[in-house]
Amino acid sequence: MKEKISKAFEKRFGSHGIQYASPGRINLIGEHTDYNGGFVFPGAIDKCIIAEINPNGLAATGGKEKVRAYSLDITEENPYSEFGLEEEDMPAEHWARYIFGVCREVIKRGGKIKGFDTVLSGNIPLGAGLSSSAALESTYAFALNDIFGLNIDKFELAKIGQATEHNYCGVNCGIMDQFASVFGRKGSLMRLDCRSMEYEYFPFDPKGYRLVLLDTVVKHELASSAYNKRRKSCENVVAAVKANGHPDVEFLRDVDMEMLNAVKDRISSEDHMRAEYVIEEIQRVLDVCKALEKGDYETVGQKMYETHHGMSKLYEVSCEELDFLNDLAGEYDVTGSRVMGGGFGGCTINLVKSELYDAFISGAKRKFEEKFGHEPKIYDVIISDGARKL
Ligand code: GLA
């Protein structure tokens with residue numbers, strides 16, 4: 001991939017730049033907890049976005065500061081995009097808005113950047129819930145910080161990516177994906193407390209088990225508006241609890257079941273279900289960390305199934321294909337399985353005993369194809385490093 005990008009860069013711009021990479025992520029447990037001030041437990045993976053970047057000095061020749069970007073992976077839209085760095089310069093190409101958004105968020109924080117040429121490519125499957133967009137944002141946030149010597153700390157780089165989603169891409173996401181992409185470390189998962197932003201690395205090497213993702217290859221329409229709606233439900237519940245004698249409550253993290261049930265009549269039954277899931281899920285992350293410290297993978301796996309159930313029945317972000325894969329995992333005695341990421345399509349993450357792996361994968365492929373007409377895609381996971389210069 002590095003070679004391919006370098007050649008394309010030379011062909012298009014007649015020069016060379018510096019290459020940077022940022023990975024996608026998995027999340028062992030802790031879904032939809034980040035924007036509720038709870039815990040998440042992600043790790044970066046060995047699939048990434050790579051970008052080559054070179055300041056182009058166009059302004060020096062009488063023009064204005066401009067980014068000229070070329071993506072090697074885009075087929076449905078124009079793969080070339082050219083845009084300025086002012087707010088009104090938003091590019092028409094959807095994929096380029098991630099780069100534009102990062103530039104804008106850097107500038108809003110006082111970062112002095114100039115126009116640049118860039119070519120990018122990646123091997124993170126799109127729409128699979130592996131955070132290809134966070135990887136894209138982290139690549140450019142990390143690169144601009146390095147190239148223009150901005151001295152922005154790593155948390156702020158992650159927040160630049162998150163703000164890009166909020167302000168330029170229409171998704172009110174939490175911090176997990178960008179955090180994982182920037183802070184990832186080979187062989188370790190990270191437990192992040194999304195209220196205090198304290199984090200801890202947990203070496204993850206489950207001997208005798210494998211982590212594998214099964215991608216349904218479906219991505220449901222309106223996933224981002226459904227995501228934003230879930231977030232709104234959580235905010236509604238926080239507001240109701242606050243008004244019910246708990247003025248200090250800031251997130252669902254601060255709410256327990258008793259406090260939730262005390263506002264039952266003031267919130268919709270839908271919002272109640274959403275909050276119930278989140279409160280339980282925050283606790284599950286802590287339970288999983290404890291179980292991992294004891295090497296108790298059975299408990300880890302059981303919690304993963306509980307998460308799936310909650311995401312499917314209470315948070316309602318699963319879909320037929322994901323539920324089918326989760327049921328299949330149960331049939332094949334897979335230790336843990338659940339929908340991963342925001343939901344509405346994408347992957348299940350599975351913790352499976354090595355000796356059961358082959359039977360599970362071939363059985364899942366066959367049965368899924370019989371039902372849905374295509375096989376799921378299989379990704380073995382290697383926990384890898386975060387954003388870096390190559
Ligand atoms: C998406 C968001 C994250 C997080 C997950 C669900 O990946 O970008 O911030 O909320 O969904 O856990």
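Is S131 buried or exposed? What we have here is a predicted model, where local features need pLDDT of at least 70, side-chain atom pairs count only at pLDDT 80 or more, and totals for chains, interfaces and linings use all residues. Residues are numbered from 1 along each chain as its sequence is written, and side-chain values use heavy atoms, with hydrogens and water left out.

Back to S131, then. S131 is buried, with a relative accessible area of 10%; buried means under 20% relative accessible area, exposed over 50%, and partly exposed in between, with a 1.4 Å probe and protein chains only. You will find S131 in the loop between β6 (116-122) and α3; helices (H or I, at least four residues) and strands (E, at least two) are DSSP runs numbered from the N terminus. The phi of S131 is positive, about 65°, although S131 is not a glycine. As background, most residues other than glycine have a negative phi.

Now to helix α3 itself. It covers residues 132-147, and its 16 residues reach 22 Å from the first C-alpha to the last, close to the 22 Å expected at 1.5 Å a residue. That expected span is 1.5 Å times one less than the number of residues. Of the 16 residues of α3, 13 are buried, so the helix is largely enclosed by the rest of the structure. After α3 comes G149, with a positive phi near 55°. The loop between α3 and α4 (154-169) also holds N151, a non-glycine residue with a positive phi of about 60°. N151 counts as exposed, at 75% relative accessibility.

Which residues surround it? They are R25, E31, H32, D34, Y35, C173, G174, M176, D177, Y227, G341 and G342, where near means having a heavy atom within 4 Å. This shell divides into four nonpolar, four polar and four charged residues. Domain 1 (2-204) and domain 2 (209-381) each supply at least three residues of the shell, with bounds from an automatic or database domain assignment.

For Y227, an N or O atom in the side chain is 2.6 Å from an oxygen of the ligand. At G174, a polar backbone atom is 2.9 Å from a ligand oxygen. The protein covers 92% of the 310 Å² of accessible area that the ligand has on its own; accessible areas come from the Shrake-Rupley method with a 1.4 Å probe, and for residues only the protein chains shown count as cover.

One last stop, at helix α8. Its 25 residues reach 37 Å from first C-alpha to last, close to the 36 Å expected at 1.5 Å a residue. Just after α8, G295 takes a positive phi of about 70°. D296 sits in the loop between α8 (269-293) and α9 (297-313), and D296 is partly exposed, with a relative accessible area of 25%. The C-alpha atoms of D296 and P206 are separated by 9.7 Å, and the two residues are 90 apart along the chain.

Methods:
A polar contact is a pair of N or O atoms within 3.5 Å; within protein, one must be able to donate a hydrogen and the other to accept it, and residues adjacent in sequence count only if both atoms are side-chain atoms. Ala, Val, Leu, Ile, Met, Phe, Trp, Tyr, Cys and Pro count as nonpolar, Asp, Glu, Lys and Arg as charged, and the others, Gly among them, as polar.
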